[in-house]
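The following exercises ask the reader to work from a sequence and its three-dimensional model. Each task is followed by a solution in steps.

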Amino acid sequence: GSPLNPLYTFDNFIVGGSNEFAYRAAIMASKKPGIVYNPLFIHGGVGLGKTHLMHAVGNVLKDYGKEVIYTSVENFLNDFSRYLRIGEMEQFKNKYRKCDLLLIDDVQFLSGKVKVQEEFFHTFEALKNENRQIIITSDQHPKKIKGIEKRLISRFEWGLVADIQSPELETKLEIIKKKCEINRVSFSNDIIQYIATIIENNTREIEGIITKLNAYSQLMGIEVDLEFARSVMKNQIEEKKTEITIDSILELVAKELNVKQSEMRSNNRTVPVVHARRIAIYLSRTLTPNSMPQLASYFGLKDHTAVSHTMKKIKDMMENDDDFKLKIDEMINKISNI
Ligand code: ADP
Ligand code: MG
């Protein structure tokens, strides 16, 4: 497992209509672990507070001296492989099946990983049978997760499924204020409003923005006003856009789909290469400022209509194929986090 973030507490969690149900469920799980909602399954989009809430439960139980494990799917898989390799599966079982609270974050990444699913299933059964609390998060409702075996999906729904929606403006403003308070900075209301519009729904960006504004203000010795915030944030937004290049997209798509970068830029018409090229074009158009003619020339296409045709094709596929959409979303995630 990984450590719990001590700042992800219930006290630091702003409750609003968008997250109240999940919040109450989490409070309940911290008061009566293993008894009322087991598992507690929390789902919702990126940056809406799922990890925060699950850590909050963890922090409460840890303070009571309970054994708490927080892990990502990847971490669980690594641990599993490691213990398997050294022939110490008993130790693995002791660790994951004897804790009082198991927190599995972003369970959608179990998708397609048959072997880990199998192991997780047995872990789940062992914990559940002994009334040890399990909390799971995911970006989607269990029913919508693809590539996970039915018996696991059905167990995800055994306890309570709670979702978190995008925060209302009011909640968003409170979250920003709370983050300012934790970071010991204070900004005027217009700046807090401005930050709220910049972050849209992903509260994950707040901390970075606060740090940056604060650093600028201290290093330059100026009071942060709205004008100043705007100029700093403008950099921030532009930096983010320029970070993603067609080259980095090409590299990632080639790796993910196991084709050569050079093939994607050539006139190779084999099915896998055409598919990979289309995805790369779609991502480049979506995530970089390049125009359609620019993309056409980069990928060796006749003209911009070939690019717009590709865009339509990929959008259609995403609409009709949830697995495909998931795959694209995953890639966007990876590219955005480089
Ligand atoms: P998720 O796991 O859903 O992607 P996180 O739990 O990582 O989101 O939250 C992203 C950031 O936003 C964290 O810094 C978290 O503390 C903060 N955050 C999200 N929702 C709230 C909330 N309701 N109150 C306070 N902070 C929040
Ligand atoms: Mg998370």
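The exercises below treat a predicted model, beginning with the whole chain and ending with single residues.

**Exercise 1. Overall description**

Task: State how many helices and strands there are in the chain, and give its domain assignment.

Solution. 
Step 1. The chain holds 16 helices and five strands.
Step 2. The domain assignment divides the chain into domain 1 (20-164), domain 2 (169-243) and domain 3 (246-336).
Step 3. Taken over C-alpha atoms, the centres of domain 2 and domain 3 are separated by 33 Å.
Step 4. The C-alpha trace spans about 65 × 55 × 35 Å along its principal axes.
Step 5. Of the 338 residues in the chain, 32% are buried.
Step 6. Consider now the contacts between residues at least 6 apart in sequence: 73% of them join residues at least 24 apart.

**Exercise 2. The shell around ligand 1**

Task: Determine how many residues surround ligand 1, and which are the closest.

Solution. 
Step 1. The shell consists of 18 residues.
Step 2. The closest are G49, K50, T51, H52 and T203.
Step 3. By class, the shell contains six nonpolar, eight polar and four charged residues.
Step 4. Helices α2 (50-63) and α7 (169-182) each contribute at least two residues to the shell.
Step 5. The most is given by α2, with three residues.
Step 6. At the level of domains, domain 1 (20-164) and domain 2 (169-243) each provide at least three residues of this shell.

**Exercise 3. Buried or exposed?**

Task: Classify H43, N78 and Y216 as buried, partly exposed or exposed, and place each in its secondary structure element.

Solution. 
Step 1. A residue is buried if 20 or more other C-beta atoms lie within 10 Å of its own, and exposed if 12 or fewer do. Between these limits a residue is partly exposed.
Step 2. H43 lies in strand β1 (residues 40-44). H43 is buried because it has 23 C-beta neighbours inside 10 Å.
Step 3. Leaving aside residues up to four places away in sequence, H43 touches T137, S138, D139, Q140, H141 and D163. By contrast, P272 is 229 residues from H43 in sequence and 33 Å from it in space, C-alpha to C-alpha.
Step 4. N78 belongs to helix α3 (residues 73-85). N78 is partly exposed because it has 13 C-beta neighbours inside 10 Å.
Step 5. Y216 is part of helix α9 (residues 206-220). Y216 is partly exposed, because 17 other C-beta atoms lie within 10 Å.
Step 6. Y216 and K95 are 121 residues apart in sequence and 45 Å apart in space, C-alpha to C-alpha.

**Exercise 4. Backbone exceptions**

Task: Determine where P39, D106 and R184 are placed, and what the backbone shows there.

Solution. 
Step 1. Most residues other than glycine have a negative phi, and most peptide bonds are trans.
Step 2. The peptide bond from N38 to P39 is cis, with omega near 0 degrees. P39 sits in the loop between α1 (20-31) and β1.
Step 3. D106 has a positive phi, near 55 degrees. Its place is in the loop between β3 (101-105) and α5 (114-129). With 16 other C-beta atoms within 10 Å, D106 is partly exposed.
Step 4. R184 also has a positive phi, near 55 degrees. R184 is found in the loop between α7 and α8 (189-199). R184 counts as exposed, since 7 C-beta neighbours lie inside 10 Å.

Definitions and conventions: Residues numbered from 1 in each chain as written. Chains lettered and ligands numbered in written order. Predicted model: local features only at pLDDT ≥ 70, side-chain atom pairs only at ≥ 80, totals over all residues. Near = placed C-beta within 6 Å. Helix = DSSP H or I, 4+ residues; strand = E, 2+ residues; numbered from the N terminus. Nonpolar A, V, L, I, M, F, W, Y, C, P; charged D, E, K, R; others polar. Domains from an automatic or database assignment. Contact = placed C-beta atoms within 7 Å.
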